[in-house]
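I opened a new page for this chain today.

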Amino acid sequence: MESELSALERFDAAVIRGEDPVNAEGTAVKVTTVDSEWAMRSCRGCGHTFRLEDVVQATYDASGKVRVREVRHTDSVLGCASGTGQADAVLAEPDPMVQRFQAAADAVDPPPAFPVLTRLTATHPLVADKPTRDQCPECTSTLRPGEMVVICPCDKGCQRAIHQDASRGLTCFDGMLAQHKRIICPMTKQPKDA
Ligand SMILES: [Zn+2]
Ligand SMILES: [Zn+2]
Ligand SMILES: [Zn+2]
């Protein structure tokens with residue numbers, strides 16, 4: 001394939017190989033790394049940030065398979081692969097069987113009263129499609145459907161949220177408590193005693 005590229009394109013390809021070795025090959029499906037040129041951008045398909053290990057679909061510029069023109073998530077939860085920008089409706093509410101199981105599990109072993117965890121269903125206002133998506137103040141990633149968060153309990157009713165989803169490795173709320181010893185409102189930056 002290299003022989004089909006011009007000298008400039010071969011040079012470009014070598015630079016990209018050096019910058020982001022995991023994604024060196026000109027494939028359509030790529031995995032986001034710290035070195036990926038799109039790692040710090042938001043997806044034009046869904047408006048969500050890219051996270052490490054996000055699988056993305058790449059389209060290339062006119063030269064073929066060298067410079068990535070655009071990437072989009074492949075995760076159907078984010079809706080950009082389908083072009084709708086809307087989360088998969090399956091996430092709107094958990095399966096009734098799962099709800100009954102969770103209710104029974106909570107009855108036997110009640111969850112702690114603090115912090116109050118909220119699961120972001122596909123229809124939750126915090127993940128609604130809008131020009132600028134809500135971001136977690138701790139990790140700065142956008143809040144995605146299906147994630148567990150703590151909504152700020154401040155008196156201003158700011159309704160900003162921070163991740164607390166150990167199953168996804170997002171313990172942003174724990175991180176904030178460890179650092180500040182209390183809840184800091186993302187809007188007013190004032191502490192809120194628990
Ligand atoms: Zn996307
Ligand atoms: Zn977070
Ligand atoms: Zn607040």
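I began with burial: 24% of the 194 residues of the protein chain count as buried. My cut-offs: buried takes 20 or more other C-beta atoms within 10 Å of a residue's own, exposed takes 12 or fewer, and partly exposed lies in between, with C-beta atoms placed from the backbone. The model is predicted, so local features need pLDDT of at least 70 and side-chain atom pairs count only at pLDDT 80 or more, while totals for chains, interfaces and linings use all residues. Residues are numbered from 1 along each chain as its sequence is written, and chains are lettered from A and ligands numbered from 1 in the order written.

**Elements.** I noted 3 helices and 8 strands. These are DSSP runs numbered from the N terminus: helices are H or I with at least four residues, strands are E with at least two. Along the sequence the pattern reads α-β-β-β-α-β-β-β-α-β-β.

**A13.** I looked up A13 in helix 1, residues 7-19. Why does A13 count as buried? Because 20 other C-beta atoms lie within 10 Å of A13. I also checked A13 against R67: they are 54 residues apart along the chain, yet their C-alpha atoms are separated by 7.7 Å.

I found an open sheet of 3 strands in the order 1-2-3, with antiparallel pairing. Strand 1 (29-31) and strand 3 (68-73) are at the edges with a single partner strand each, so one side of each has no neighbour in the sheet. From one strand to the next, the twist averages 40°. (Axes are lines fitted to C-alpha atoms, and angles run from 0 to 180 degrees between N-to-C directions.) Two strands pair if DSSP finds at least two bridges between them. Strand 2 (residues 55-60) and strand 3 are joined by 5 bridges. In strand 3, H73 stands opposite V56.

**Cores.** A nonpolar core is a set of buried Ala, Val, Leu, Ile, Met, Phe, Trp, Tyr and Cys residues joined through C-beta atoms within 7 Å. The largest one has 15 residues, and L143, V149, A161, I162 and C172 touch the most other members. Strand 5 (148-151), strand 6 (161-163), helix 3 (172-180) and strand 7 (183-184) each give two or more residues to this core. Which element gives the largest share? Helix 3 does, with 3 residues. I then logged another core lying apart from this one, with 7 residues, among them F50, V56, V71 and C80.
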